[in-house]
Amino acid sequence: MCPCECGGEYQKKWGALEIQDPFIGPMKLEDADYEECARCKDRIFPLETARAIDKQREVLLNQIIKKQPLQDFFTAAEAASGLGITKQALHKNRKVRRGFIYHTTLGGMVFYLKQSVALYREKGDGRLLLSELDNSRSYEPVSTRRGVETRYSVHER
Ligand SMILES: [Zn+2]
């Protein structure tokens, strides 16, 4: 096992894992496999755990987006025209499909979060901290414990 750059040793761990996601906030996984530095608490996730985190993030993200009121969304035509592209170009855009603009589907139609479209137009990345969405609503965080900013890396085994 490689020593950590802080001089500590990584130790294999298995169990509940809590991470601070840059967009979702705190996320908790049951029964995850990971390594943690005994000294600085830096974590390394094996591919399988990294995939589980991605999946969890997707599920949570979708839940949060679906709770937003309908007036906070653009139709595909509105989003495309706001971005100055065609609807087809919007549907085919790989970045958008990968979630760079938060969107959800309803009755086979895709709806795009207005705030995310605006951010994407400005920066090419429409992902925003979900706690920045209307604060008057609460999202029942997965964990109430405030997570600390944790940097993590992934390695393949
Ligand atoms: Zn360390």
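## Contacts around Ile101

Two residues are in contact if their C-beta atoms, placed from the backbone, lie within 7 Å. This is a predicted model. Leaving aside neighbours within four places in sequence, Ile101 is in contact with Val96, Tyr112, Ser116, Val117, Tyr120 and Gly126.

## Nonpolar cores

Ile101 is also among the residues with the most contacts inside the largest nonpolar core. That core has 16 residues. Phe74, Ala79, Tyr112, Leu113 and Val117 join Ile101 on the list of those with the most contacts there. Helix H1, strand E4 (73–75), helix H2 (76–83), strand E6 and helix H5 each give two or more residues to this core.

A second, separate core has 6 residues. Among them are Leu17, Ala32, Tyr34 and Phe45.

## Helix H1

H1 runs over residues 47–66, 20 residues in total. From its first C-alpha to its last it reaches 29 Å. That is close to the 28 Å expected at 1.5 Å a residue.

Which residues of H1 are buried? They are Thr49, Ile53, Ile64 and Ile65. These four lie on the same side of H1, because they cover an arc of only 135 degrees around the axis. In an α-helix there are 3.6 residues a turn, so residues three or four places apart point the same way.

The other side of H1 carries exposed residues: Leu47, Arg51, Asp54, Lys55, Glu58, Val59 and Lys66. Cover for the buried residues of H1 includes strands E1 (10–21), E2 (25–37), E3 (43–46), E5 (103–106) and E6 (109–113).

## Strand pairing and hairpins

E1 and E2 pair in the antiparallel sense over 11 bridges. Gln20 stands opposite Pro26 in E2. The two strands form a hairpin, with 3 residues between them.

E2 also pairs with E3, again in the antiparallel sense, over 2 bridges. Here Glu35 stands opposite Ile44 in E3. This pair forms a hairpin too, with 5 residues between the strands. In the turn, Lys41 has a positive phi of about 70 degrees.

## Gln115 in helix H5

Gln115 lies in H5, which spans residues 114–123. Why does Gln115 count as partly exposed? Because Gln115 has 18 C-beta neighbours inside 10 Å, whereas a buried residue needs 20 or more.

Leaving aside neighbours within four places in sequence, Gln115 is in contact with Leu128 and Leu133. Gln115 and Phe73 are 42 residues apart along the chain, yet their C-alpha atoms are separated by 8.3 Å.

Notes
Residues are numbered from 1 along each chain as its sequence is written. This is a predicted model: local features need pLDDT of at least 70, side-chain atom pairs count only at pLDDT 80 or more; totals for chains, interfaces and linings use all residues. The expected span of a helix is 1.5 Å times one less than its number of residues. A residue is buried if 20 or more other C-beta atoms lie within 10 Å of its own, exposed if 12 or fewer, and partly exposed in between; C-beta atoms are placed from the backbone. The arc is that of the directions from the helix axis to the C-beta atoms. Two strands pair if DSSP finds at least two bridges between them. A nonpolar core is a set of buried Ala, Val, Leu, Ile, Met, Phe, Trp, Tyr and Cys residues joined through C-beta atoms within 7 Å.
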